[in-house]
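Here are my notes for your read-through. Keep the model open beside them.

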Amino acid sequence: MRLLHSLNQKYRCFSICKRGLMDTVYISHGSPMMAIDESIPARKFLKTWQQIFKERPKAILVISGHWDTKEPTVNVVNRNDTIYDFYGFPKSMYKLKYTPPGAPLLAKRVKELLMANGFKRVHEDKTRGVDHGTWVPLMFMYPEADIPVCQLSVQTDRDGTYHYNLGKALAPLREEGILIMGSGATTHNLGTMQPSGSPVPSWALQFDTWLKNALLEGRYEDVNHYDSRAPYGKMAHPWPDHFYPLHVAMGAAGENAKAKLVHHSWDNGTLSYASYQFTARK
C-alpha cells in the first residue's frame with residue numbers, strides 16, 4: 001500500500017512539472033478495415049498525427065465505443081494485448097499486433113478522480129488489453145507503440161450528460177501530460193452502410209452537419225441532448241456506444257472549450273469519419 005502511494009506521488013509530481021495543457025480529441029475510427037485499406041481517407045489523416053499534434057503525451061487515456069460496462073471500468077495492466085473484437089474480416093487483420101505498455105498508475109488516477117467526483121463505483125479490469133477502437137487509430141498515430149495506454153469504458157444505459165460529467169471529472173489529467181481520446185464514429189448505423197463510393201444519404205449529412213455546427217458554436221448542451229435536439233439523432237446512432245466517447249472528450253476539455261474539426265471524410269455511404277480537437281479557453 002505504501003509502495004502504491006509512493007508511486008502515485010511520483011507519478012503526479014512528474015506529470016504536472018512544466019507541461020502544457022493538453023487538448024482532448026475525438027477520433028472517428030470507423031471500420032476496422034482502416035487497418036489494412038489504404039483507400040480510406042481517415043487513415044492518411046491519422047498517419048500525419050504527429051505532424052499536427054507535436055506534443056508527445058506522457059500516456060493516453062482512450063474512451064472506446066467498443067468497451068461498454070454497467071459501471072466505469074479501467075484496464076489495469078502492464079502490457080496491453082491486441083483484442084480482435086470483430087468477425088468475418090480478412091485473415092491479415094488478425095495478424096496485426098499493437099501492444100503498447102499499460103498505464104496502471106494512470107488507471108489508478110482515473111479511478112481516484114472519478115470517485116472524488118461522485119462516481120461511487122469504478123472497477124479495475126486486470127486482464128483486458130486494447131480493442132480495435134483503440135489500436136486501429138493508434139497504430140497510425142503512434143506506430144512505435146511506446147506510449148502507455150489505458151482504456152476507460154462507456155455506459156450505454158446512461159445519457160450524454162452523464163458522459164460529459166465523466167469527462168469533467170478527468171479534466172485534471174490534461175495538466176498531467178495525458179492525452180484524453182474519445183474513439184467512436186460520428187455516425188454509426190451499421191445497418192445502413194453501403195459499398196465504398198456510395199453517395200451520402202440526406203439523414204447522415206444532416207446529422208453530421210448539425211453536430212459540426214453545434215460543436216464549433218460551443219453548443220455543448222445541445223450535443224449532450226443530441227437524441228432529442230439533432231435531426232436524425234436516433235438514425236445516426238441507434239445505439240450510443242460510439243457517440244458517448246465524444247461527450248467524454250468534450251467534457252474533459254471544459255465548458256468553454258473551443259472545438260475544431262481536424263478531419264472530415266465519408267466511407268460506406270453513411271459512415272462519417274469527422275474528428276474533433278477540443279482546446280480549453282484560458
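1. The largest nonpolar core has 50 residues. Inside that core, Leu61, Leu215 and Phe278 have the most contacts. A nonpolar core is a set of buried Ala, Val, Leu, Ile, Met, Phe, Trp, Tyr and Cys residues joined through side-chain atoms within 4.5 Å. Buried means under 20% relative accessible area, exposed over 50%, partly exposed in between (1.4 Å probe, protein chains only).

2. A second, separate core holds 33 residues, including Val25, Ile60, Leu138 and Tyr273. In soluble globular proteins, nonpolar side chains tend to be buried together.

3. This is a predicted model: local features need pLDDT of at least 70, side-chain atom pairs count only at pLDDT 80 or more, and totals for chains, interfaces and linings use all residues. Residues are numbered from 1 along each chain as its sequence is written, and side-chain values use heavy atoms, with hydrogens and water left out.

4. What does Leu61 touch beyond its neighbours within four places in sequence? Its contacts (heavy atoms within 4.5 Å) include Leu106, Val110, Cys150 and Met181.

5. There are 13 aromatic pairs. Rings of Phe, Tyr and Trp (its six-membered ring) pair if their centres lie within 6.5 Å; planes under 30 degrees apart count as stacked, over 60 as edge-to-face and the rest as tilted. Phe119 and Tyr162 pair edge-to-face, at 5.5 Å centre to centre and 75° between the planes. Both Phe119 and Tyr162 are buried.

6. Ring pairs also join Tyr84, Phe86, Phe89, Tyr94 and Trp135 into a cluster.

7. Overall, 55% of the 282 residues count as buried. The C-alpha trace spans about 60 × 45 × 35 Å along its principal axes.
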